[in-house]
Amino acid sequence: MTIEQMVERARVAMEEISGYDQAQVDKMLYTISKAVFEQAEPLAKLAIEETRLGRLDHKIGKNQGMATNIFASLKDKKSVGVLREIPEEGLIEIAHPRGVIGSVMPTTNPTITPLGNGLMALKGRNAMIVSPHPRSKKTTKETIELMREALVSVGAPRDLLQVIEEPSIELSQELMKAVDLIVATGGPGLVKSAYSSGHPAYGVGPGNVQAILDRDFDVEDAAELSVIGRSFDNGIVCACQQSLFYPAEKEVEVLEHLKDKQAAVITNKADLAKLRETLFVDGKANPAMIGQDPKVIADAAGVEIPADSQIIAVRVEAVGKEELFCKEKMAPVLALKSYDKFEEAVAFARENLLLEGAGHSAGLFSHTKEHQIYAGEVLPVSRLVVNQPTIDAGGSPANGLSPTVSLGCGSWGNNIISENLNYTHLINISRVASPIPPKHDDNPWD
């Protein structure tokens with residue numbers, strides 16, 4: 001089937017649901033979310049088998065968590081007909097679909113990305129066509145087929161969701177030129193292609209999440225949160241923590257608590273050199289090490305670590321371009337660096353972000369509001385996650401960020417949005433404006 005035919009089928013399907021009310025729309029979302037939740041383990045196993053990336057237990061949790069969290073965040077929101085009336089402004093807001101959405105997938109999240117983007121697209125009565133990553137096309141196809149069957153089970157047209165079965169760069173580019181709006185989740189090249197397609201596009205930027213431990217925060221808790229944030233799915237999620245900056249006088253305590261939380265702490269310069277050479281090739285992440293278990297990475301480097309290590313923590317002397325460990329690693333390896341003053345820690349984090357990952361996210365373990373605001377003002381990030389695992393930057397029941405699979409990075413990351421993509425980005429809104437009493441007189445400068 002050609003891209004043109006897929007788009008035509010999508011438009012026919014959209015026409016079939018053009019009269020759906022909010023309850024019918026939300027029933028589609030409920031059924032799809034439940035179907036993916038119930039098949040979280042088989043889909044996770046397929047992803048591991050196909051991509052050889054990440055951890056099975058985390059992928060199962062990720063599939064279940066996103067099915068639950070994204071649906072929960074959408075189920076009570078209005079997206080059909082009149083959204084709200086604002087009498088004092090004389091405004092009525094009315095929702096409309098954006099059209100056929102093209103969603104280009106990463107290999108790192110072959111189930112939750114089509115699920116998350118699909119739920120948001122359907123929330124606005126749109127259709128979506130997915131272009132999988134070639135390395136994870138089986139998993140994405142299986143996910144979409146499951147979602148299509150769920151649609152049919154509630155009487156909705158299956159062609160609201162479609163997938164390119166044999167993806168290629170050429171077909172992705174053709175799709176982006178044929179649809180009404182694009183959601184591109186991938187590298188800078190993909191995002192640039194999306195923005196060059198001639199259609200509206202939402203892209204994401206690379207992650208290189210820096211985290212700071214303040215002096216007033218419990219060291220053991222910070223160690224635990226850092227291991228969770230760095231180990232998740234073996235570090236392939238863009239919001240995974242990449243570094244930890246800690247007070248110099250607490251170094252012994254920090255290293256000991258990291259070890260207690262199953263981090264293999266490496267301070268020996270020879271071992272650091274071996275790991276650096278193994279994780280990076282010509283200054284870029286070694287594809288063979290992406291998403292691998294800590295023991296696999298250590299064995300490849302010829303470095304001894306405990307067999308049950310959740311992450312490898314490496315103590316570094318420099319930040320920014322002087323140290324490769326300060327870049328995004330996409331592996332369960334955490335860079336460690338001490339600081340003297342809090343402002344110095346923020347400066348370290350900023351330098352690493354400007355090296356790679358500007359606009360994405362950062363973490364802060366602190367109870368001091370002034371420090372939270374200072375970090376938020378100085379760091380070039382769209383999200384500063386406080387006292388949580390940094391993976392919660394993608395939205396969590398325990399914070400106010402919208403659950404999503406696409407994290408906008410603003411102009412820092414060459415993106416159009418500096419927030420989590422949500423369904424409101426995938427609807428058009430008509431504003432019916434009636435006259436109201438003038439808000440000011442004819443001479444407001446007096």
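In strand S4, Ala127, Ile129 and Ser131 point one way and Met128 and Val130 the other way, and all of these residues are buried, where buried denotes under 20% relative accessible area, exposed over 50%, and partly exposed the range in between, for a 1.4 Å probe and protein chains only. The structure is a predicted model, in which local features need pLDDT of at least 70 and side-chain atom pairs count only at pLDDT 80 or more, whereas totals for chains, interfaces and linings use all residues. Residues are numbered from 1 along each chain as its sequence is written, and side-chain values use heavy atoms, with hydrogens and water left out. Helices (H or I, at least four residues) and strands (E, at least two) are DSSP runs numbered from the N terminus.

Because five of the five residues of S4 (residues 127-131) are buried, this strand is largely enclosed by the rest of the structure. Strand S3 (residues 100-104) runs parallel to S4 and is joined to it by five bridges, two strands being taken as paired if DSSP finds at least two bridges between them; within this pairing, Gly102 has Ile129 of S4 as its bridge partner. Together with helix H5 (residues 112-123), S3 and S4 make a right-handed β-α-β unit, the term right-handed meaning that, with the strands pointing away from the viewer, the path from the first strand over the helix to the second runs clockwise. S4 also pairs with strand S5 (residues 161-163), in the parallel sense and over three bridges, and here the bridge partner of Ile129 is Gln162.

Strand S2 (residues 91-97) is joined to S17 by seven bridges in the antiparallel sense, and Leu91 has Ala433 as its bridge partner in S17.

The loop between strand S16 (381-386) and S17 holds Leu407, which is buried at a relative accessible area of 5%. Leu407 and Gly203, although 204 residues apart in sequence, are 8.3 Å apart in space from C-alpha to C-alpha. When residues up to four places away in sequence are not counted, the residues that Leu407 touches include Val204, Gly205, Cys238, His360, Arg383 and Asn415, contact being defined as heavy atoms within 4.5 Å.

Helix H9 (residues 219-231) comprises 13 residues and reaches 18 Å from its first C-alpha to its last, close to the 18 Å expected at 1.5 Å a residue, the expected span being 1.5 Å times one less than the number of residues. Among the buried residues of H9 are Val219, Ala222, Ala223, Leu225 and Ser226. Just after H9, Asp233 takes a positive phi of about 50 degrees.
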